[in-house]
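Subject: Model for you to look at

Hi,

Here is the structure I promised to pass on. My notes follow below it.

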Amino acid sequence: MTAERIPDLAVIGAGPAGLSAADIAAEHGLDVVLVDAGSQTGGQFWRHPDERHLAQFRAPESTGHHHWKRYVDLRSRLAAAVQRGAVRHLSGRHVWRVDVAADLVHLRTTASIGTDQVPATERTVTARRLVLATGAYDRQLPIPGWTLPGAMAAGGVQALLKSNQVAAGRRAVVAGTGPFLMSVAAGLAEAGVEVLAICEANSYLRWARTPLRAVQEPGKLFEGVEYARTFLRHRVPLKMRTVVTAIRGTGRVQQVEIAAVDGRGRVRPGTERTVEADLVALGWGFTPQLELAIGLGLDTTVDVDDSLVVVADDRQRTSHPLVYAAGEATGIGGAVQSCAEGELAALAVAAELGRTVEEAALRRRRRRIDRGRRFAVGMHRAGPVPPEWSSWVTPTTTVCRCEEVTAGEVAASVCDLGADDARDVRVTSRPGMGLCQGRVCGFGLAQLVTAHTGRPATAAELESIAKRNIGVPITLGEIADLVPLTAERADS
Ligand SMILES: Cc1cc2nc3c(=O)[nH]c(=O)nc-3n(C[C@H](O)[C@H](O)[C@H](O)COP(=O)(O)OP(=O)(O)OC[C@H]3O[C@@H](n4cnc5c(N)ncnc54)[C@H](O)[C@@H]3O)c2cc1C
């Protein structure tokens, strides 16, 4: 690839979706540029210790990873494509904005690691098409004490285990809903942590309502059996219809209040008990990372699990003709599903740009994705946020930790000031306006406002909470140095 040539495809994200897209696109003759904020590929699912310092770790780079062989294959295909000049891999580079002008996509990037500055002339990456594969982040709900040190997002606990082989505590409770809790609890138990309980807010019997969805992904059933064996070996109790209602401690987590709940999440009186723990891993699923998508004005919708997702057609094309989306940006469905979506997006771009692509290859991926989607819908229906979860919250519970906004202030915004959706609440009492810009509290805030208004959040409302014109903090110098685009910005 020469320096002047405009790449056919830019891929943002080197997780399962982005890696698969970059490999397939390169193998179909496209010039690709792959941009990822991480220093190495793998995304969240295949997060692993820094390969430059493997000797310092107790175990090999893969510990507790499913489908590791698949990752090794994707990684070596990427290395081969980089070697032959078909892919330029920009690691440690965060995309903070995407613009479309003169039928090209322009990615504004900044260094995400260390203090190295990318030269101003190289900060904008231009390509003919874009695959957005930016993944997701943890969903949290505010409960009393969730801001104490030692109360962590389940994904954060998992990330520490996978990339640093560090267990975040010694006596843990894992709580929330969804199969990811099992993965985290198994990882902690294998790392020598005493897992006192997995508190699953729902009952797995909910799967019985949609048995056909459960059998769409037999691999997941095997994973479930594997986890069950680990729990038996380490004596980890799995408690269904059980939640953490409060976390207490002086300066850090010391005690965890657990209670049984009914199908709506109401505490069953008399079931409350306290356990001594120093770690609580909380997870209510994941929510797509959409600042770039929203900045581009892509159509979004509210998915079955109440998260905002990018709308993509049967070839992963978004509402913008130059932009495709793959992986969890289009809905939470797991890593295998993300790979299939990445492959389909790349094949669709290759076909659109005149490369030879067999229709059968497109159809095969589509069928795989449809099957995965049926499973994902079953998973979301089996593990919803219980409708009465807000009954665990007290007026003094912190909702937004950056701006220190409490549940009482959110309630006052709705009930006293007449705010009728999360947007209004944000403007009146500032939750989601601090450093994290609602990434941590946005989902919980929307759910809390719904609990007061009785009206589910709309896509427009969720978009306004997730909208960030500048995706990550950058310096004023970087704005001053912006290289003008080849034409006036045209969003269409
Ligand atoms: C913290 C966390 C831990 C998880 N752990 C597990 C697990 O152990 N097991 C499991 O089954 N599922 C896990 N998941 C769910 C997991 O995200 C998916 O199933 C899978 O990784 C999705 O693949 P993806 O390619 O869509 O996204 P991801 O794997 O999330 O990859 C997205 C990539 O995009 C990059 N990126 C995002 N935005 C930008 C940007 N603006 N500029 C540059 N790069 C960007 C990120 O650095 C990342 O590498 C986890 C999720 C989270 C949030």
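Four bridges join strand β14 (residues 255-260) to β15, and the two run antiparallel. One of the pairs is Val 256, whose bridge partner in β15 is Val 275. Strands here are DSSP runs of E, at least two residues long, numbered from the N terminus. Two strands count as paired if DSSP finds at least two bridges between them.

Before you read on: this is a predicted model, where local features need pLDDT of at least 70, side-chain atom pairs count only at pLDDT 80 or more, and totals for chains, interfaces and linings use all residues. Residues are numbered from 1 along each chain as its sequence is written, and side-chain values use heavy atoms, with hydrogens and water left out.

Angles are taken between N-to-C directions, from 0 to 180 degrees, with axes as lines fitted to C-alpha atoms.

There is another open sheet of three strands, in the order β4-β5-β6, and its pairing is antiparallel. β4 (93-101) and β6 (124-127) are at the edges with a single partner strand each, so one side of each has no neighbour in the sheet. Here the twist averages 25° from one strand to the next. Eight bridges join β4 to β5 (residues 104-111). Among the partners, His 94 is bridged to Thr 110 in β5.

Now the domains. The protein is divided into domain 1 (9-137 + 287-379), domain 2 (142-283) and domain 3 (389-457). These bounds come from an automatic or database domain assignment.

The C-alpha centres of domain 2 and domain 3 lie 25 Å apart. Their contact (heavy atoms within 4.5 Å) takes 12 residues from domain 2 and 11 residues from domain 3. Together they bury about 960 Å², 67% of it on carbon and sulfur atoms. Buried area is the accessible area (1.4 Å probe) lost on putting two parts together, summed over both. Pro 142, Pro 144 and Trp 146 supply 55% of what domain 2 buries against domain 3, more than any other three residues.

On confidence: mean pLDDT (the predictor's confidence in each residue, from 0 to 100) is 92, and 96% of residues reach 70 or more. Over residues 487-492 the pLDDT is below 50. Where pLDDT is low, the predicted coordinates should not be read in detail.

Best wishes
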